[in-house]
Amino acid sequence: MKSTKRAFLLAAATGFALLFSSVSVVSADVKTFDAESYQTGNKEVDQWADLTDTKFKQLVSPINNEQPLARKNNSLGMIVPDNYWQPERYCNLVNLEPASGHSFSQGSSKSFQLIDNSQSASVTVPHYLHHNKRWVDAIYTFKLKGDNTSHDWAKSNSRASVYLNLGTSYNRRNWFSLWTNSAAPHGYYQTDVSSRWDINVKFVYSDDQSPVKATGTVEFPSVNTQFMYAFDKQQMLKNGDRIYGPAPTGNKQGILRGNLDSNGQYFDVRGASRQTGSGTYNAETTFLYVFHNGELNFTNVKTGSTYPNAMFSRNVSEPYIAQEVPYGDLVGTINKQGKITETSDDQVDDQIPGTAQVRLYQAFPNQPTAQTVKQYQVQLTLPKYAKLTGPENLELNNYNYQKDAAKILKTAKVSDPKNNANGTQTYTITFGDGKTAINDNNLQLKINAQIDWDNPELLTTLKQNFVKAADGQKYLAVKAKTKTIIDGKTMDNGQVTTKVEEPKGKVNVHYVDGNQTDLQKPVSLAGVVNAGFDIEMPQTVVDTYNEEYQVTGDVKNAAGEKVDPKKLRYQYNSNKPQDLYVIYQDTGHKFASILNGKRVGFLGSSVTVGWQDHNHSFVDNLREQDGLVAFKEAVTGTTLAGQGSNTYVHRLLKMKDGNTAAGASKGKNALAYEPLDAFVLQVSTNDANSGYKLGSVSDSKELQDFDINTVAGAMEYIIKYAEDTWHCPIILYTGYYENNAKYQQMVDLTYQLQKKWHFTLLDIYHNQEVHDLFSSDKTKYVSANDFIHPRHAGYQVWTDLFRQTLTDVFNNEVTDK
């Protein structure tokens with residue numbers, strides 16, 4: 001099963017009600033329950049004492065919502081996770097498999113099926129919650145016992161199938177509940193014979209699987225005659241576990257009853273009311289269990305005399321037991337050139353260079369209406385060099401099924417900073433309008449403090465707070481303190497240190513004329529912020545038109561202001577490159593291009609034609625700008641492969657006498673029977689949409705062995721023919737074609753052919769600069785109709801690429817572009 005690094009908050013959507021099954025601490029060979037006490041309907045249970053009877057005071061306390069359960073008891077409070085019905089949320093399945101015929105897209109609740117009913121089964125919920133500055137996994141294990149295992153659960157029987165429910169996308173109430181067709185061992189369907197499963201939930205830290213020594217709560221609603229819960233008495237006393245139950249009102253006996261087994265090992269809780277799964281639930285049928293040491297054990301017993309269709313803990317719409325909001329978990333992060341990780345976890349989940357990020361995890365238990373939180377405030381204290389400018393510095397995420405984070409974030413307000421005597425500043429962040437409940441949520445607040453890296457007045461202060469880490473890099477240490485204020489009540493979350501690696505500044509140096517026109521490709525530089533740097537300023541440069549320019553000595557920034565080239569420093573600039581312009585003036589001297597007079601043949605289709613620029617392509621630009629003697633044999637809509645008269649192969653065979661479709665209309669472009677200095681072949685995009693097969697690279701180098709009805713065969717034929725005919729360098733070029741899998745295969749094929757034929761490859765398809773530029777303004781650079789054919793501005797970009805490639809070829813400096 002695939003693991004996902006997400007926080008999972010196990011619990012019932014409405015009051016932490018949850019059936020967490022697990023390995024029993026009870027021996028299967030020991031009779032642990034008084035069968036006569038729960039197999040004969042309500043008669044015996046009616047004689048049990050009220051759950052809160054004083055004789056159970058070592059184990060049970062009455063619920064008092066005027067004094068909510070102290071927050072020290074619910075560090076591991078459980079809430080249903082977001083997308084809880086998706087199997088990808090879980091990992092490490094043992095003795096469980098996806099239910100047969102189950103479609104997770106439909107959200108059916110019978111999600112995982114037990115493989116062998118006689119063996120334990122378990123599943124892990126990774127990154128379930130956050131505690132003590134670390135992620136926590138929940139390991140959920142259960143084992144079926146039947147009537148003390150005297151009946152065979154292992155036999156295959158359609159009425160003995162056991163499922164672990166995940167709930168549905170529209171109904172969370174069955175999340176992590178167990179369900180059986182019969183709720184009884186094989187052969188005892190709808191009988192008074194009891195069945196049971198032993199349950200264990202263990203919380204471990206995600207990074208090293210060590211146990212979490214913390215306290216948590218589970219609320220059990222709708223407890224009735226249908227099933228019974230049993231808890232190991234000695235384990236409860238040893239760990240300090242405790243049950244909180246409803247006290248009966250007036251002279252009326254309570255619905256929930258307690259019982260100590262005759263052997264004194266188990267304390268049983270069962271309802272005296274004959275409710276089924278569809279009944280109406282209320283406070284009288286609910287109790288809360290507080291567990292310690294990060295582990296919960298209990299046994300769920302199916303009782304007789306009720307319709308045994310199902311056995312699970314239902315989730316209800318509103319809880320009945322008030323709990324204090326637990327302490328928040330404040331976490332520092334490490335920002336390594338924008339990749340942010342928590343100090344105890346190596347998962348990169350943010351890309352924000354130069355920012356000091358602090359995270360605060362805060363759970364809001366599902367509360368009775370009267371106790372719901374209406375306002376959530378965080379007081380954040382930071383050094384003055386780390387600032388908040390407003391809600392735009394905040395991110396808020398849900399780690400439970402609720403989708404309230406965006407709604408809550410809209411209410412966010414950030415106060416002006418308050419100056420403190422120790423040189424720090426305190427901000428107050430407020431969520432909530434004071435009226436709408438913030439309830440049943442597990443929130444992650446990311447606070448992105450901004451560092452003014454470019455402020456020269458802070459240089460000394462920043463340098464004083466740098467520390468050297470184990471990786472040898474220098475980090476700015478930012479200490480942060482938070483206090484959480486819930487409806488006016490304050491909790492101190494302590495202090496953490498967030499580390500930010502010195503960010504790098506980026507500079508693009510442009511060599512331009514007086515009109516800010518680039519004379520050659522800009523040079524990119526990078527270095528640590530505030531470090532000095534020099535730029536190269538050649539005395540002369542030659543542009544793409546072979547015009548010579550001389551440096552003036554002036555350097556300007558993006559605002560057009562002159563800067564001193566001897567006092568340049570890298571700037572953070574909000575993580576955006578700084579643009580500098582070295583100014584040149586025209587000398588009036590023009591150099592001859594190395595391409596001047598070179599004879600180059602171009603075989604292609606509409607892209608080589610220049611279809612989206614009035615039949616004027618990069619070929620024509622090179623002819624006009626560089627004096628290239630270009631022979632453009634290109635016809636729109638044609639393919640490499642095939643037998644037609646206009647295919648690449650058949651036009652190639654006619655090129656020598658000029659008797660081609662292109663030659664008929666442009667005789668001066670038809671390739672005469674003369675030598676070539678280079679031959680250029682377009683890897684046609686038309687073949688990607690034709691019916692021709694891709695083919696594969698052959699073992700032969702003989703023309704007669706190539707199948708020209710395949711793309712591979714046609715390309716090999718053309719390469720071999722050109723090689724034998726003109727004995728010149730051969731160049732293949734790929735085009736710009738977004739999201740076409742077939743063309744991607746053709747490009748891959750071209751690389752395979754290059755290994756065999758050793759031609760030069762100009763790969764525009766994989767050129768990221770071209771993709772970024774064309775994507776930035778597709779109507780300017782490329783046809784918006786197909787995102788294949790360049791327009792005028794696009795061909796200017798391509799012209800530079802072809803000029804450089806041909807220059808490298810003629811200078812014998814061939815590299816794959």
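This is a predicted model: local features need pLDDT of at least 70, side-chain atom pairs count only at pLDDT 80 or more; totals for chains, interfaces and linings use all residues.
Just after α11, His758 takes a positive phi of about 60 degrees.

| Helix | Residues | Number of residues | First to last C-alpha | Expected span |
|---|---|---|---|---|
| α11 | 741–757 | 17 residues | 24 Å | 24 Å |
| α14 | 792–810 | 19 residues | 27 Å | 27 Å |

Now for its sides. The buried residues of α11 are Tyr743, Met746, Val747, Leu749, Thr750, Leu753, Gln754, Lys756 and Trp757. They sit on the same side of α11 because they cover an arc of only 160 degrees around the axis. In general, an α-helix has 3.6 residues a turn, so residues three or four places apart point the same way. What do the buried residues of α11 pack against? Their partners are α10 (711–726), β40 (730–734) and β41 (760–763). On the face turned away from the buried side, you'll find the exposed residues Ala741 and Lys755.

On to the cores. The largest nonpolar core has 65 residues, and Phe679 and Trp798 touch the most other members. Helix α10 gives the most to this core, with 10 residues. Leaving out residues up to four places away in sequence, Trp798 touches Val607, Phe618, Tyr733, Gly735, Tyr736, Ile764, Val770, Phe774 and Pro790. Another core, of 51 residues, lies apart from the largest one and includes Leu76, Val123, Trp197 and Val218.

Notes: Residues are numbered from 1 along each chain as its sequence is written. Side-chain values use heavy atoms; hydrogens and water are left out. Helices (H or I, at least four residues) and strands (E, at least two) are DSSP runs, numbered from the N terminus. The expected span of a helix is 1.5 Å times one less than its number of residues. Buried means under 20% relative accessible area, exposed over 50%, partly exposed in between (1.4 Å probe, protein chains only). The arc is that of the directions from the helix axis to the C-beta atoms. Contact means heavy atoms within 4.5 Å. A nonpolar core is a set of buried Ala, Val, Leu, Ile, Met, Phe, Trp, Tyr and Cys residues joined through side-chain atoms within 4.5 Å.
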